[in-house]
Amino acid sequence: MAAEDDRYRQSSQYRLWSFAPSHLATLREKANTLAKTHISNRLRTSEPPVNPLPNFLTPDEEYTLLNHFTLELLRAAPYCQLPTDIQATAAIFLRRFYVTNSVMTYPPQELIKTCLFFGCKAEGYFIRVQKIADTFPNTTGEMILAAEYVLCQGIRFAFDVRHPFRALEGVVMELRRLGDFDDDRINQAHRRTREILKFSPLVTDVYFHYTPSQIMYAALAIADEELVKGMFTEAFASQGDEAKDKIWDIIQGCKKMLEKEPPEKMATYWTDAEGMKAIKALRRKLIKCRDPDRADLVALQKARREQAAQKPKAKSGANADEKVFGNGINEERESKRRKVALDGGDIFGPPL
């Protein structure tokens, strides 16, 4: 157990993408403030200047839109015929990206396509970019690839995402080994837990606050709490109640977060008239206050390439090496010239 914990603490998910709730909220507020400042300055200096400035999204409104576009991603992924792990990885990439970036800065409707494609690459699943482009209307492969490097920067080049699915399979095997519960009950809890894991953790912040095994136990506790208690009785038999109670409190905290977003929401979300009305209002507000320089990511990428092409080229590597190590081409030629001059000017040297 200790060795497994040590390995997880070395992962980029723990080192770079684990936050206390207050810290995560602070990061999102900072991203929102920076976006408002940058877009305000850009609109004031545009031709003609924009006056008055639009009403910007609040951090809470941005979070609501993030959850909406996460659901859009999860709805689109099955049409791309992507496995569960890749759908989950793509959703987590999207949520990581918008921790330090604002939906007002980079268009989320474009980032969800890039996250789906890059999720395939991160999980070693080969798929042509055109196949994903064909799934979405008015989308080209160039549009998907245009945001790829921006996405990599936003997720801090941390492509490893640890999911709770494998942990669930291990626990199911252990429950069957213990023999305290009948197979029908275990199978039913297994199916329900997978349904929860495929949805609830991806539209909440539990990946930022809890480990994959804690998320798995919380989901299993929603499906059948007695199974988790049976596992804990076996696992903590030699450690006492204090350690077990501490872990149980953590599981309960994660469980409360997951219960806020039950998997049944996926079926009812799109038919909720009041909810869709609120989302449409936020999307209209987003269109008015988004960054004009980054609304078109293809054009932004082309502009950056042109700017990079206009930069003066660096000197050749050979000349750069001369300055550091000496004995470069020019220095070697100069050395030979001096030697010839000392030998009397004959290129073949003095007489024997």
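Author: A contact means heavy atoms within 4.5 Å. This is a predicted model, in which local features need pLDDT of at least 70 and side-chain atom pairs count only at pLDDT 80 or more, while totals for chains, interfaces and linings use all residues. Residues are numbered from 1 along each chain as its sequence is written, and side-chain values use heavy atoms, with hydrogens and water left out.

Reader: Which residues does Gln-301 touch, not counting residues up to four places away in sequence?

Author: Gln-301 belongs to helix 18, residues 297-310 (helices are DSSP runs of H or I with at least four residues, numbered from the N terminus). Its C-alpha atom is separated by 9.9 Å from that of Met-143, 158 residues apart along the chain. With residues up to four places away in sequence left aside, Gln-301 touches Leu-145 and Ala-146.

Reader: How are the rings of Phe-118 and Phe-159 arranged as a pair?

Author: Rings of Phe, Tyr and Trp (its six-membered ring) pair if their centres lie within 6.5 Å; planes under 30 degrees apart count as stacked, over 60 as edge-to-face and the rest as tilted. The structure holds 14 aromatic pairs. For Phe-118 and Phe-159 the centres are 5.0 Å apart and the planes are at 65 degrees, so the pair is edge-to-face.

Reader: Which residues does the cluster of ring pairs link?

Author: Phe-118 and Phe-159 form an edge-to-face pair, and both belong to a cluster linked by ring pairs. The members are Phe-93, Phe-118, Tyr-149, Phe-157 and Phe-159.

Reader: The charged end of which residue sits over the ring of Trp-270?

Author: Trp-270 has 21% relative accessibility and so counts as partly exposed, whereas Tyr-269 is buried at 13%. A charge sits over a ring if NZ of Lys or CZ of Arg is within 6 Å of the ring centre and within 35 degrees of the ring normal. Over the ring of Trp-270, 3.8 Å from its centre, sits the charged end of Arg-75.

Notes: Helices (H or I, at least four residues) and strands (E, at least two) are DSSP runs, numbered from the N terminus. Buried means under 20% relative accessible area, exposed over 50%, partly exposed in between (1.4 Å probe, protein chains only).
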